[in-house]
Amino acid sequence: MPFERDSVLGKDCILYYNTGTHATPVWVPIPHAKDVKVDPLSKGKAEQKARLSKFNFKRGTHIEMGLSFGYDYEPGDGDTVFPVLLDSFLNNTPIEFFAADGDASTEGTQGPRMVCEVFECPLGQELDNPASVEISAEITRVTEGGSVVEPDWYTVPAA
């Protein structure tokens, strides 16, 4: 009987950004990304205390979502992704990310998909490490075709 893998390693996951539309995405990998983290991924709580029970019931409210990752900075014109990230930081340009658990061209690949704006990108120039940037982005409100584009858990459909 052949063995099968039952987990996904972070090194096999791929972070993408979209150069197409939300309806028709064109996923471009971000190969310089490292240690990708979907953070925050949490929601607020409404408490439902009342005299009818001694329990403090809770219900979910608004969801917080964002993305952070390290980025190996590469000087020169060869890196086409860093200018996109920097543009989002400097000019508030939205970027749609897909933190996929595999290849975005493979049916069934999945992960969180969200339109974000980069809010932090401090540049590290430590003596013993390559220069790198710590990108921190959070969801931002955009519309496409008159509808708000909301984050979701995306699964690559059949071609």
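Reader: Is K11 buried or exposed?

Author: This is a predicted model, so each value is computed from it. K11 is exposed, because its relative accessible area is 67%, and exposed means over 50%. D12 is partly exposed, at 39%.

Reader: What joins the side chains of K11 and D12?

Author: Start with the general idea. Side chains of opposite charge can pair when their charged atoms come close. Here K11 and D12 meet in a salt bridge, with 3.0 Å from N to O.

Reader: How many salt bridges does the count come to?

Author: The count comes to 4. Another of them joins E47 and K49, at 3.4 Å from N to O. E47 is partly exposed, with 47% relative accessibility. K49 is exposed, at 61%.

Reader: Which residue meets R113 in a salt bridge?

Author: E96 does, at 2.8 Å from N to O. This pair links distant parts of the chain. R113 sits in strand β7 (residues 110-120), and E96 in strand β6 (residues 95-100), 17 residues apart. Both R113 and E96 are buried.

Reader: Now the cysteines. How many disulfides does a search of the whole structure find?

Author: First, the idea. A disulfide is a covalent bond between the sulfur atoms of two cysteines. The search finds 0 here.

Reader: Which residues form the negative surface patch?

Author: D35, E126, D128 and E134 form it. Take E134 as the case to read. E134 lies in strand β9 (residues 132-139). With 43% relative accessibility, E134 counts as partly exposed.

Reader: Let us step back. How many helices and strands does the protein chain have?

Author: It has 1 helix and 12 strands. From the N terminus, the order is β-β-β-β-β-α-β-β-β-β-β-β-β.

Reader: What share of the residues counts as buried?

Author: Of the 159 residues, 29% count as buried. The C-alpha atoms fill a box of roughly 65 × 50 × 40 Å along the principal axes.

Technical notes: Residues are numbered from 1 along each chain as its sequence is written. This is a predicted model: local features need pLDDT of at least 70, side-chain atom pairs count only at pLDDT 80 or more; totals for chains, interfaces and linings use all residues. Side-chain values use heavy atoms; hydrogens and water are left out. Patches are made of residues with over 30% relative accessible area and no salt bridge: like charges are joined within 9 Å, nonpolar side chains (Val, Leu, Ile, Met, Phe, Trp, Tyr) within 5 Å. Accessible areas come from the Shrake-Rupley method with a 1.4 Å probe; for residues, only the protein chains shown count as cover. Lys and Arg count as positive and Asp and Glu as negative; His and the chain ends are not counted. The place of a charge is taken as NZ of Lys, CZ of Arg, CG of Asp or CD of Glu. Helices (H or I, at least four residues) and strands (E, at least two) are DSSP runs, numbered from the N terminus. Buried means under 20% relative accessible area, exposed over 50%, partly exposed in between (1.4 Å probe, protein chains only). A disulfide is a pair of cysteine sulfur atoms within 2.5 Å.
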